[in-house]
Amino acid sequence: MVSTSALCSLVSVLLSCLLLTNATPKTDNILRNSITKHGYQVELHPVTTTDGYILSLVRIPAPGRPAVVILHGLLSSSVDWTVQGPAKSLAFIAADAGYDVWLGNSRGNTFSKGHERLDSGRGEQEYWRFSFHEIGMYDLPAMVDHILAQTADDQEQQQQLHYIGHSQGGAAFLVLASMRPEYNGKFASVHLMAPAAYIHHASSPALQLVDRMSELETFARLTRSYEIGSRGTARSSVDLVYTGHKAGFVPTELVLTNVWYVVGVHDSINRSMVSDILASTPAGCSLFQLLHYGQIYRAKSFQMYDYGPVKNRERYGANVPPEYPLRNVTAPVTLYYSEGDILVPAADVEELADQLPNVVQKYKLASSKWNHIDYLYHANGHRLYRMIVASLQAETTTPLADED
């Protein structure tokens, strides 16, 4: 009789062979296909930040129309805003409503690994030494400036855009608007879904890792492994799961059970979508993004990265890192949140709302089970998306152009 360990080894070998024989398409092709396969036009725009990271912006073009930029959360990418297809995905619903849609990809994810001088694939700590702070300070302003420059020729004096962010995409906006307040005037409206700023009421079992952050950082230094959830290499365990699921070795229920362990149980995802979701998600991140979130969870504060007392004094002039000055966030903000979110709980979003000076609306979702990834994959998530897009129309100062 074949032993269990031998059987597991055989399955692992088979999956590895499948993975190697199904070479991952180039990332640009993945981004293009995520749009064109649904019959929409697409443009890819490389954007370089002031600190040298090269990002991929995806555009569903509508020249002369108001622009909206949508930014994903941790371990996510622009593909999550198109994966459910027309009439179901936020990107297509916004495009169908007449918006010039721009989808961001933050540094370090599958589609934004370029740099002017650093190599993301060599385990260089210098490349991966970033958190949501750098995404807010460098990535988001680079995207905003590029979009406004591109659309200035399409629509005279377009100086503002709409912003939609999920989770870390919300935190990045708050970093930008608080630390570089001159950018507030560039946003006609801001819509934040479960913004991951205050998270100290979170109850996900994943937070057990907070007590082992120093061990994780030490292990990363020793192994030069600063990337979490990498894709596109023969060593990628995430690609192995995706390939195994596609081949029938990894059951859908097993995938969902593991996801629900982290985000909370809510059977809201169409089973037929799971393989499409796994094809691009998780999309990778830096270990330091996770460490920063662990710090703010433990500190019960939305604060800058904690480098330790010595380096903190060099950087901040104090032993502990300062909180982000949320009083500077003057752009009009609408918040969306849920009681069922165990990563960014309702209590934390309400605390954030108390700190922001220009919250125009708070919208708590009616479902008590709505979890953190339902904003991306809920089979009926299009209802929320249509509400958000309707809000954009109410807040748009420049009228939408008439349909041809």
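Because the model is predicted, local features need pLDDT of at least 70 and side-chain atom pairs count only at pLDDT 80 or more, while totals for chains, interfaces and linings use all residues, and side-chain values use heavy atoms, with hydrogens and water left out.

Let me begin with helix H5, residues 132-152, and helix H11, residues 287-299, which pack at an angle of about 110° with their axes 8 Å apart; helices here are DSSP runs of H or I with at least four residues, and strands are E runs of at least two. H5 and H11 are therefore roughly perpendicular to each other, a term for angles of 65 to 115 degrees. Where they meet, Phe132, His133 and Ile135 in H5 touch Gln289, His292, Tyr293 and Ile296 in H11, contact being heavy atoms within 4.5 Å.

Turning to helix H2, residues 27-36, we find that Ile30, Leu31, Ser34 and Ile35 are buried, that is, under 20% relative accessible area with a 1.4 Å probe and protein chains only. Seen down the axis of H2, these buried residues fall within an arc of 130°, so they line one face of the helix. Their cover includes strands E1 (43-48), E2 (53-60) and E4 (100-103), together with helix H3 (90-96).

Finally, aspartate 239 sits in helix H8, residues 237-247, and counts as buried at 6% relative accessibility. Its side chain is joined to that of arginine 231 by a polar contact of 2.6 Å, meaning a pair of N or O atoms within 3.5 Å, where, within protein, one must be able to donate a hydrogen and the other to accept it, and residues adjacent in sequence count only if both atoms are side-chain atoms.

Technical notes
Residues are numbered from 1 along each chain as its sequence is written. Axes are lines fitted to C-alpha atoms, for helices over the stretch in contact, and angles run from 0 to 180 degrees between N-to-C directions. Angles under 35 degrees count as roughly parallel, over 145 as roughly antiparallel, 65 to 115 as roughly perpendicular and the rest as oblique. Buried means under 20% relative accessible area, exposed over 50%, partly exposed in between (1.4 Å probe, protein chains only). The arc is that of the directions from the helix axis to the C-beta atoms.
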